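I opened this notebook to record what I looked up, beginning with the sheet and ending with the pockets.

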Amino acid sequence: MDLLALTISLVDVSPTSDETVSVMDTKFNNTPVRIYVPKRKTAGLRRAVFYIHGGGWCIGSSASFFYDSVSRRTAEKLDAVVISADYRLGPAHRFPTQLEDVSSALRWFFRKDVLEQYAVDPERIGISGDSSGGCLAAAVSQQLLGNPEIKIKLKIQALFYPILQFLDLELPSYQEFSHMPLLYKSFAVRFISDYFANDRSFEKVILSNQHVPEEYSHLFKFVNWSSLLPERFRKGYVYKNPTYGSSEMSQKYPGFLDVRASPLLADDSKLRGLPLTYFLTCQYDVLRDEGLMYVTRLRNAGVQVTHIHVEGGFHGVFVIPKLKTAQKIFDQYISWLKENL
């Protein structure tokens, strides 16, 4: 993981302003963020996007060329302030550190003086994220909804192929695309293990899909793909009742059963009232099915969802700027934000 993190960091870029966007690094309540502010003059307040990068909670940063490109283009095309948030990474830092970092940074951004500093309209703020960043974005949205002390409400959430649960890693998409780049099942399990435990024995138990003890059997209704997954994605796979494991791992590492880590485990009452949602899933992605189930559950709870499914798409495609598919996805995303944020 250290080698992978080092390799990824080789494509980091400095905060460089250009003729259209001012870029700067700072901290929001001790959490590093990179801020993109359009240079064009505007008569009123701007909308803002709070973006959380992916990388399995263990690698990547807002300084990555890929995320810098997405944020810079978003600020320019949308004429919006973009806050690209970092967070402490695993395995050195475990759940819920990453969630606490981004949540703290967002609440800092909500401060009246900070919003005034960047000329942001408090009624036009959205949260966005991809992969593990999408998980954090979904969790933050749920947290804010249940916090009466926070008066500012997110107007939208945009989630790109997020990881949303750790109970069942035998969903049809996990079975069908376990060896599909860029996110092999073995990679996903390693990231999960390092997020919660940095324990190879925990990793082996997850791979066996026998890591949930029977006393948590009630949670499986939230990830039951036989009822929540649209028929065309089941492709002949047969749902099997879960095989329960011992309580040892859940006692040592309870985070993987925590709704703050697994937004798909939220009760319907916690989903009602979530903001207008943009959701993207990809065909060749082990995380496809949990995304599809979350879309189903959000809609069942009355949340308005725009769901984009990319046939031929793969995990990570959104942040690869040279691909035609990525450009199409980005253009659709910006068009949706222009209309809804």
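The entries below follow the order in which I looked things up.

**Entry 1: basis.** I note that this is a predicted model, in which local features need pLDDT of at least 70 and side-chain atom pairs count only at pLDDT 80 or more, while totals for chains, interfaces and linings use all residues. Residues are numbered from 1 along each chain as its sequence is written, and side-chain values use heavy atoms, with hydrogens and water left out.

**Entry 2: the sheet.** I looked up the strand order and found an open sheet of eight strands, β1-β2-β4-β3-β5-β6-β7-β8, with mixed pairing. Direction ignored, neighbouring strands are turned by 20 degrees against each other on average. Here two strands pair if DSSP finds at least two bridges between them; helices (H or I, at least four residues) and strands (E, at least two) are DSSP runs numbered from the N terminus.

Entry 3: I then examined β6 (residues 156–160) and β7 (residues 276–284), which run parallel and are joined by five bridges. Phe160 has Leu280 in β7 as its bridge partner.

**Entry 4: helices on the sheet.** I found helix α5 (residues 132–145) packed on the sheet, where α5 touches β3, β5 and β6 and makes about 140 degrees with the direction of β5. Helix α2 (residues 65–78) lies across β1, β2 (31–38), β3 (46–52), β4 (81–85) and β5 (120–130), at about 35 degrees to β2. Contact means heavy atoms within 4.5 Å; axes are lines fitted to C-alpha atoms, for helices over the stretch in contact, and angles run from 0 to 180 degrees between N-to-C directions.

**Entry 5: the largest pocket.** I recorded a volume of about 620 Å³ for the largest pocket. Of its 28 lining residues, the closest to the centre are Ile8, Gly55, Ile59, Leu182 and His315. The elements that give two or more residues to this lining are α1 (2–9), α2 and α7 (185–196), and α7 gives the most, with four. A pocket is an open set of points on a 1 Å grid where a 1.4 Å probe fits, with protein on both sides within 12 Å along at least five of seven lines; lining residues have an atom within 4 Å of a point.

**Entry 6: its location.** Why does the largest pocket lie between domain 1 (1–166 + 266–340) and domain 2 (172–255)? Both domains give residues to its lining, so the pocket lies between them. The domain bounds come from an automatic or database domain assignment.

Methods: Grid points are joined across faces, edges and corners, and a volume is the space filled by probe spheres set on the points.
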